[in-house]
Amino acid sequence: MESQVRGGTRWKRFAVVMVPSVLATAAVGVGLAQGALAASFSVSGQQFKVTADYLKGEGFAQYGGIDTVYKSADGEGGKKPVPVAISSFDTAEITKMCQSVATKVPLIGKTVYLRLDAGKEKPVTAKNLYIDVAQLDADARFEDIDIGVAVQNKSRGPAVKEGENVMKGGFAQQAREAHLYGVEQTAWATTAGTFTLNGLSMRLGMDADMECY
């Protein structure tokens, strides 16, 4: 962590964003295994990659949670709980966003890549944005940040989604603004009240270079 400047805190090359968030998700996993929490949010068995030159978020909060994920892309073998760091924003603007997912297709015996690009000329915009993050690298600056607030007492960012698997008294952090530069992220799920993909381009192919990173 670097020095605070004009109410802002800077981190260079942080990863999801601090260790206490990871500890919080581990504790949620223990509660799930013991039957204390219900796994109610099912997502696919595939992670996807996202890059962005710049993300500006107003009303930021991050806290630990659990997604219920299929064990494989073919849906066989049931589901499993996966700890995630939930990053949420009241509003966000994203410049030069790329999203990619790789799928092994048994019928052709090859991996097919789906890639979306948007926000090159005009930023992607989102409202009430939630990202269930597995891994994140970026340079970051936070304005008016609170570290260690309880999830149920956070006052920034959209409300915790109904049915979301989180510990109400668990670790969270929040900030008036978040600025992320050179984002490389792997995620399980993204949801938003509104998601506007300006200049959207979608492509399918079998070249591994189609992945965002």
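A residue is called buried when its relative accessible area is under 20%, exposed when it is over 50%, and partly exposed in between (1.4 Å probe, protein chains only). By this rule, 44% of the 213 residues of the chain count as buried. The structure is a predicted model, in which local features need pLDDT of at least 70 and side-chain atom pairs count only at pLDDT 80 or more, while totals for chains, interfaces and linings use all residues. Residues are numbered from 1 along each chain as its sequence is written, and side-chain values use heavy atoms, with hydrogens and water left out.

**Overall architecture**

- The chain holds 1 helix and 8 strands, where helices (H or I, at least four residues) and strands (E, at least two) are DSSP runs numbered from the N terminus.
- Read from the N terminus, the order of the elements is β-α-β-β-β-β-β-β-β.
- A contact means heavy atoms within 4.5 Å. Among the contacts in the chain with a separation of 6 or more, 81% join residues 24 or more positions apart.

**Strand pairing**

- Two strands are said to pair if DSSP finds at least two bridges between them.
- Strands E6 and E7 pair in the antiparallel sense, over 21 bridges. Lys-127 has Thr-194, in E7, as its bridge partner.
- Strands E4 and E6 also pair in the antiparallel sense, over 9 bridges. Here the bridge partner of Ser-87 is Ile-131, in E6.
- In a regular strand, side chains alternate between the two faces of the sheet.

**Nonpolar cores**

- A nonpolar core is a set of buried Ala, Val, Leu, Ile, Met, Phe, Trp, Tyr and Cys residues joined through side-chain atoms within 4.5 Å.
- The largest such core has 26 residues, of which Phe-89 and Phe-142 touch the most other members.
- At least two residues of this core come from each of E3, E4, E6 and E7, and E6 gives the most, with 10 residues.
- Another core, of 14 residues, lies apart from it, and Val-149, Val-151, Ala-172 and Trp-188 are among its members.
- In soluble globular proteins, nonpolar side chains tend to be buried together.

**The largest cavity**

- On a 1 Å grid over the protein atoms alone, a cavity is a set of points where a 1.4 Å probe fits but cannot get out, and a pocket is an open set with protein on both sides within 12 Å along at least five of seven lines; lining residues have an atom within 4 Å of a point.
- Grid points are joined across faces, edges and corners, and a volume is the space filled by probe spheres set on the points.
- A search of the whole structure finds 1 cavity of 30 Å³ or more. The largest cavity holds about 230 Å³ of space.
- This cavity is lined by 23 residues, and the closest to its centre are Val-50, Leu-55, Ile-94, Ile-131 and Gln-185.
- Two or more lining residues come from each of strand E3 (48-70), strand E4 (79-105), strand E6 (124-150) and strand E7 (171-196).
- For residue classes, Ala, Val, Leu, Ile, Met, Phe, Trp, Tyr, Cys and Pro count as nonpolar, Asp, Glu, Lys and Arg as charged, and the others, Gly among them, as polar. The cavity lining comprises 18 nonpolar, 5 polar and no charged residues.

**The largest pocket**

- The largest pocket has a volume of about 160 Å³.
- Its lining is formed by Val-151, Gln-152, Lys-154, Ala-159, Val-160, Lys-161, Glu-162, Gly-163, Glu-164, Val-166 and Lys-168.
- By class, this lining has 4 nonpolar, 2 polar and 5 charged residues.
- Glu-164, one of the lining residues, is found in the loop between E6 and E7.
- Glu-164 counts as buried because its relative accessibility is 12%.
- Leaving aside residues up to four places away in sequence, Glu-164 touches Ile-66, Asp-67 and Ile-86.

**Individual residues in the strands**

- Lys-96, in strand E4, has a phi near 55°, a positive value in a residue other than glycine. With a relative accessibility of 42%, Lys-96 counts as partly exposed.
- Asn-128, in strand E6, has a phi near 50°, a positive value in a residue other than glycine. With a relative accessibility of 39%, Asn-128 counts as partly exposed.
- Pro-81 lies in strand E4 and, at 48% relative accessibility, counts as partly exposed. The C-alpha atoms of Pro-81 and Lys-71 are separated by 9.4 Å, the two residues being 10 residues apart along the chain.
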